[in-house]
Amino acid sequence: DDKVSAAKHFKRALSLVPEDSRVLGEYATFLEAAGGEHDEAQNMYQKAIASDPNNAGVLGRYAEFLSRVRKDGASSSIFYQKCHDADPKSIVGLLGLAASDLAAGNPDAAEALLRRAVQEHPEDPTALGVYANFLDCQKGDRSGAKEHY
């Protein structure tokens, strides 16, 4: 079974580099996606962050995990901010913070973050689509939205 084989490889890698935040973070993502082992995934994300609190990739994935799996908007917002602080150009941090601001009733802050996401990543279809959707649905600006679709 591929999942069993992949888990063995992750465990071997972790035996060689037990504090490597990238390996810990990738293993957490694997546990979440391949096996639905959410408690163990959360534990691995937390170990990865303790190992390197400035790894924007791990911070962003953990924020997404908290939002999507744990349905914990307050905690995910904190980790989107940490992701953004670690890498101000991170698309995950920018879009995650924008979503948090929008959910908190702060559309102006969300729009500023979405504009930055598009400026930093002008060819990224997710950034363009999210901003276009924001313009259309939140601002009622169909012509502005069409420029980004």
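Colleague: Is E120 buried or partly exposed?

Modeller: Buried means under 20% relative accessible area, exposed over 50%, and partly exposed in between (1.4 Å probe, protein chains only). E120 has a relative accessible area of 33%, so E120 is partly exposed. This is a predicted model, in which local features need pLDDT of at least 70, side-chain atom pairs count only at pLDDT 80 or more, and totals for chains, interfaces and linings use all residues. Residues are numbered from 1 along each chain as its sequence is written, and side-chain values use heavy atoms, with hydrogens and water left out.

Colleague: Which side chain does E120 meet in a salt bridge?

Modeller: Side chains of opposite charge can pair when their charged atoms come close. A salt bridge is a side-chain nitrogen of Lys or Arg within 4 Å of a carboxyl oxygen of Asp or Glu. Here E120 meets K89, at 4.0 Å from N to O.

Colleague: How many salt bridges are there by this rule?

Modeller: The count is eight. One of them joins K139 and E111, at 3.1 Å from N to O. K139 is partly exposed at 42%, whereas E111 is buried at 9%. Salt bridges with shared partners join E111, R115 and K139 into one network.

Colleague: Where does D20 form a salt bridge, and with which residue?

Modeller: D20 pairs with R22, their closest N and O atoms being 3.3 Å apart. D20 is buried, with 18% relative accessibility, while R22 is exposed at 57%.
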